[in-house]
Amino acid sequence: MTDLKHSSASSATSGAGGATSPLDAQRRRLRLPFILPAVIFYTVFFVAPSLASFVISLYRWRGAGDEPEWLGLGNFLRLFNDDIFRGAFVNTLIVLLVVGAIIFALGFFFTAFVAEMRGKHLLRALIFFPSLVNPVVLAIAWGFILDPTRGALNTTLEAIGLGNLKQVWLGPQLIFPMILLTMAWMTVGLFTVILMAGADRIPVSLYEDCDLAGASIGQRFRMVTLPLLWEVAAVAAVLWVITAVKAFEFIYAFAGVGTAPPRSTWTASVYVYMQGFGSQGLPELGRASAMSVVMLIVVGVLVVVLRRLMSRQKVEF
Amino acid sequence: MAVQFADQRTSEPRPRPRGGTGRLRRGTPAPLARRRTPLRMLGMAAVWLWVLFNLAIFVWMLLSSLKSDGEVFADPWGLPNVWRFDNYVRAWEGSDLGTATLNSVFLVAAASVFTVAIGALAAYPLSRLQSRSSNVTLMYFVLGMGVPLQSIVVPAYIAMAGLNMTNTLGGLFLLYVGFSLPFTVFLLTGFFRTLPTRLEEAAALDGCSAFRTFRSVMLPLARPGIVTALLLNVVSLWNETLLALIFIIDDGRQTLALAILGFYGTMLYNSAWGALFAGVCIVVLPMLLLYLWLGKNIMDGMTLGATK
């Protein structure tokens with residue numbers, strides 16, 4: 001942040017020779033041809049579709065060949081009376097809150113301890129690695145580990161004499177909690193590394209002061225690390241909201257492929273996919289769009305709320 | 001890239017302890033931190049447990065890919081009795097994983113290079129011009145980072161169907177470029193801002209054209225940032241599944257993520273578990289190699305947006 005200000009300040013002074021400096025004139029000339037390609041691609045292939053979903057959400061449309069039928073807000077009204085939608089919506093919020101709580105708790109925990117351990121770069125790299133792997137692959141791996149009859153977890157529990165702890169991990173009771181836990185495992189790395197990168201910027205002198213004052217590790221964390229990490233954590237929280245709402249592949253693949261994922265595990269993104277493309281019946285493109293509009297609004301609201309809640313007096317250091 | 005980013009930021013208060021800095025290693029805290037309280041021991045043990053668990057999962061994947069189908073379940077934690085490298089051949093040939101890998105390689109390479117190329121072009125003036133319109137443009141890109149991918153799938157599908165471009169890698173390419181641009185522009189604008197302006201000024205005074213200045217002065221300077229942007233796009237597109245799942249139907253045009261999903265589906269009937277894990281490793285290993293080679297760039301880039 002400070003860095004950016006600094007560099008923009010310096011470029012402002014360098015341009016202080018007046019708007020007529022050759023560089024400034026040149027920059028102005030190149031602006032349009034340089035920026036346009038990206039703006040066009042982004043607008044046509046990303047912005048336009050996301051705006052169009054607002055329009056489509058107002059129709060009933062069963063896909064190619066069907067005449068779209070105007071429903072107004074009908075799709076939205078119907079959504080809220082639809083148990084499957086409500087389930088998916090609530091599940092998304094559960095993912096957001098439960099997984100979010102786990103990853104931030106673990107993230108802060110790792111940040112506090114790894115900084116003081118030997119080989120912290122290696123540790124950091126190993127904590128991070130799952131973030132680079134396709135969630136589909138991780139879902140497959142967990143499917144093998146948690147398989148109730150032959151999976152590694154149950155057979156291992158049996159082998160070490162803890163057979164009474166065996167569970168039908170992927171059964172209707174436990175599958176969603178298992179998704180939450182494994183998702184947390186999979187996502188923790190990225191957020192930990194973000195928090196650690198923030199912690200790296202905290203001047204060591206502050207910690208030296210702590211040491212002189214004889215602070216414990218808990219005190220150091222509470223008095224120095226946490227307040228100075230707050231801003232980074234706020235951005236990470238926003239990032240988590242976006243990540244959580246769009247999480248799809250992992251949940252889709254978790255229960256095995258070939259059959260639809262069980263309804264109890266549907267989140268908003270799975271709902272959009274199943275309504276629009278995945279179910280055996282006719283696609284409900286309007287309803288799928290309505291769901292995506294709802295989620296877009298949810299993201300917007302949450303981001304604003306989060307920023308409000310977490311904004312504090314900025315700590316300069 | 002972020003290497004420079006990070007350095008400029010951290011080097012003043014505290015040089016990063018990196019290999020060779022010797023006595024400047026101030027990252028390791030002072031005496032009290034070394035005292036072994038029970039809490040500290042417990043915390044460190046937990047960290048190690050977590051890390052070893054991650055490692056174990058990946059070793060397990062790798063070993064499973066070399067076992068016979070029966071062994072995958074029967075002996076999950078042991079070494080393979082016979083090292084079955086032919087699992088990879090079975091996966092590569094059996095389920096079109098070979099074709100899918102090639103599709104993915106071409107698609108990911110083309111989309112990442114193109115995204116970074118036009119992203120860098122846009123980021124350069126956005127980073128240099130302090131005008132209202134350029135701030136608004138940048139904001140326009142940044143907002144896209146908050147749009148969940150599922151918001152575009154239905155309209156994009158309808159539009160692509162109208163253009164007869166569903167079920168083509170070309171259609172997927174266009175969408176990949178569209179959704180990768182926001183982060184790429186955001187990242188590169190931030191990076192360009194950290195680069196000094198003096199060289200460009202000199203080039204402009206010497207009469208270089210704007211494009212020439214960009215190409216021969218800025219791009220070489222920006223190389224670390226460009227590399228990071230490329231890497232992050234490669235990672236995210238290599239793993240992208242939702243759009244591929246919706247748009248691609250033909251087996252011959254599958255991407256790797258899609259092929260492995262399909263493979264997993266058929267496995268439930270033909271139990272070729274060993275080959276499935278070989279497929280899993282074909283998805284994971286390129287990312288692992290990239291990570292071992294350029295991991296610092298990847299990690300710095302991913303954390304950059306948040307810590308800046």
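Guide: A charge sits over a ring if NZ of Lys or CZ of Arg is within 6 Å of the ring centre and within 35 degrees of the ring normal. This is a predicted model, in which local features need pLDDT of at least 70 and side-chain atom pairs count only at pLDDT 80 or more, while totals for chains, interfaces and linings use all residues. Residues are numbered from 1 along each chain as its sequence is written, chains are lettered from A in the order in which they are written, and side-chain values use heavy atoms, with hydrogens and water left out.

Visitor: Over the ring of which residue does the charged end of A:Arg263 sit?

Guide: The charged end of A:Arg263 lies 5.3 Å from the centre of the ring in question. That ring belongs to A:Trp266.

Visitor: What kind of aromatic pair do A:Phe34 and B:Phe214 form?

Guide: Rings of Phe, Tyr and Trp (its six-membered ring) pair if their centres lie within 6.5 Å, and planes under 30 degrees apart count as stacked, over 60 as edge-to-face and the rest as tilted. The whole structure holds 44 aromatic pairs over all chains. For A:Phe34 and B:Phe214, the ring centres are 5.2 Å apart and the planes stand at 80 degrees, so the pair is edge-to-face.

Visitor: Which helices does that pair link, from A:Phe34 to B:Phe214?

Guide: Helices here are DSSP runs (H or I, at least four residues), numbered from the N terminus. The pair crosses between chains, with A:Phe34 in helix H2 (residues 22-56) of chain A and B:Phe214 in helix H11 (residues 210-221) of chain B.

Visitor: Is B:Phe186 buried or exposed?

Guide: Buried means under 20% relative accessible area, exposed over 50%, and partly exposed in between, with a 1.4 Å probe and protein chains only. B:Phe183, which forms a tilted pair with B:Phe186 at 6.4 Å centre to centre and 45 degrees between the planes, is partly exposed at 26%. B:Phe186 has a relative accessible area of 18%, and therefore counts as buried.

Visitor: Where is B:Thr255, and with which residues is B:Thr255 in contact, leaving aside its neighbours within four places in sequence?

Guide: B:Thr255 lies in the loop between helix H13 (242-247) and helix H14 (256-270) of chain B, and its relative accessibility of 4% makes it buried. Contact means heavy atoms within 4.5 Å. With neighbours within four places in sequence left aside, the contacts of B:Thr255 are B:Ala100, B:Ser104, B:Leu107, B:Leu169, B:Leu172 and B:Ala244.

Methods:
Helix = DSSP H or I, 4+ residues; strand = E, 2+ residues; numbered from the N terminus.
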